[in-house]
Amino acid sequence: MVMHRWDPYTDLVTLRQAMDRLLDQSFVRRDQTGVREVTGARSMPIDLYERNGDYIVKAYLPGVRAEDVDINADQGTITIQAHVPSEAEQGEAKNYRWLVNELGYGDVARTVTLPSVIDASRIDAAVENGILTVTIPKAEEAKPKKITVRAK
């Protein structure tokens, strides 16, 4: 039979650990991704990932034309803004008796702060089938470099 001795100090947590747990479990999430909303517009759902030394941002923008999307880059921060059209905004449609109106429309925006320096002059964006894809290359100084070792 194995005996375990009870140690009252093993069950104690620090105040910092308790506060972290409280914040993690609350409805307010801490911003650890660098993603935040633009004031005055609904949040735009996005995917953000890194591929071959570039950051890729994908956003759903149904019915939005390419010329109606505004993308700004400033010191590693990308802001995407657009207006998603809807029949509900049309003049005559305002008099309809809407039974269900769940399709999102109106101004949407998202600001993302990326973790490394980017090359804003080479950012590429395209809309296809309602999906916006923004390719954001890293700056050369932010890319990993292979260093060769010489023998003496």
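**Entry 1: Overall build**

How many helices and strands are there in the protein? I looked this up first in the model, which is a predicted one. I counted one helix and nine strands. Reading along the sequence, I noted the pattern α-β-β-β-β-β-β-β-β-β.

I then turned to the contacts of the chain. Among contacts between residues at least 6 apart in sequence, 55% join residues at least 24 apart.

**Entry 2: Surface and burial**

I looked up how much of the protein is covered. The protein has 152 residues, and 26% of them count as buried.

**Entry 3: The largest nonpolar core**

Which residues of the largest nonpolar core touch the most other members? The core holds 19 residues, and those with the most such partners are Met-44, Leu-61, Val-69, Ile-80, Leu-114, Leu-132 and Ile-136. Two or more residues of this core come from each of strand E4 (54-60), strand E6 (77-84), strand E7 (106-113) and strand E9 (131-137). Strand E6 gives the most, with four residues.

**Entry 4: The largest pocket**

A general point guided this search: rolling a probe the size of a water molecule over the atoms shows where empty space is left.

I noted a volume of about 260 Å³ for the largest pocket. Its lining consists of 19 residues, and the closest to the pocket centre are Pro-62, Val-84, Leu-103, Gly-104 and Tyr-105. By class, I listed 12 nonpolar, four polar and three charged residues in the lining.

Where is Asn-52 placed? I located Asn-52 in the loop between strand E3 (46-51) and E4. Its phi is near 50 degrees, a positive value in a residue other than glycine. Asn-52 counts as exposed because its relative accessibility is 73%, and the cut-off for exposed is over 50%.

Gln-75 is not a glycine either, and I noted a positive phi of about 50 degrees for it. I found Gln-75 in the loop between strand E5 (69-74) and E6. With a relative accessible area of 79%, Gln-75 is therefore exposed.

Is Asn-129 buried or exposed? Its relative accessible area is 74%, so Asn-129 is exposed. I placed Asn-129 in the loop between strand E8 (124-128) and E9. Asn-129 and Gly-63 are 66 residues apart in sequence, yet I read 8.5 Å between their C-alpha atoms.

Thr-135 lies in strand E9. Why does Thr-135 count as buried? Its relative accessibility is 19%, and buried means under 20%. Setting aside its neighbours within four places in sequence, I listed Asp-54, Tyr-55, Ile-56, Arg-122, Ile-123 and Asp-124 as the contacts of Thr-135.

Key: Residues numbered from 1 in each chain as written. Predicted model: local features only at pLDDT ≥ 70, side-chain atom pairs only at ≥ 80, totals over all residues. Heavy atoms only, no water. Core = buried A, V, L, I, M, F, W, Y, C linked by side-chain atoms within 4.5 Å. Buried < 20%, exposed > 50% of the residue type's maximum accessible area, 1.4 Å probe, protein only. Contact = heavy atoms within 4.5 Å. 1 Å grid on protein atoms, 1.4 Å probe; cavity = no way out; pocket = protein on both sides within 12 Å on 5 of 7 lines; lining within 4 Å. Points joined across faces, edges and corners; volume = space filled by probe spheres on them. Nonpolar A, V, L, I, M, F, W, Y, C, P; charged D, E, K, R; others polar.
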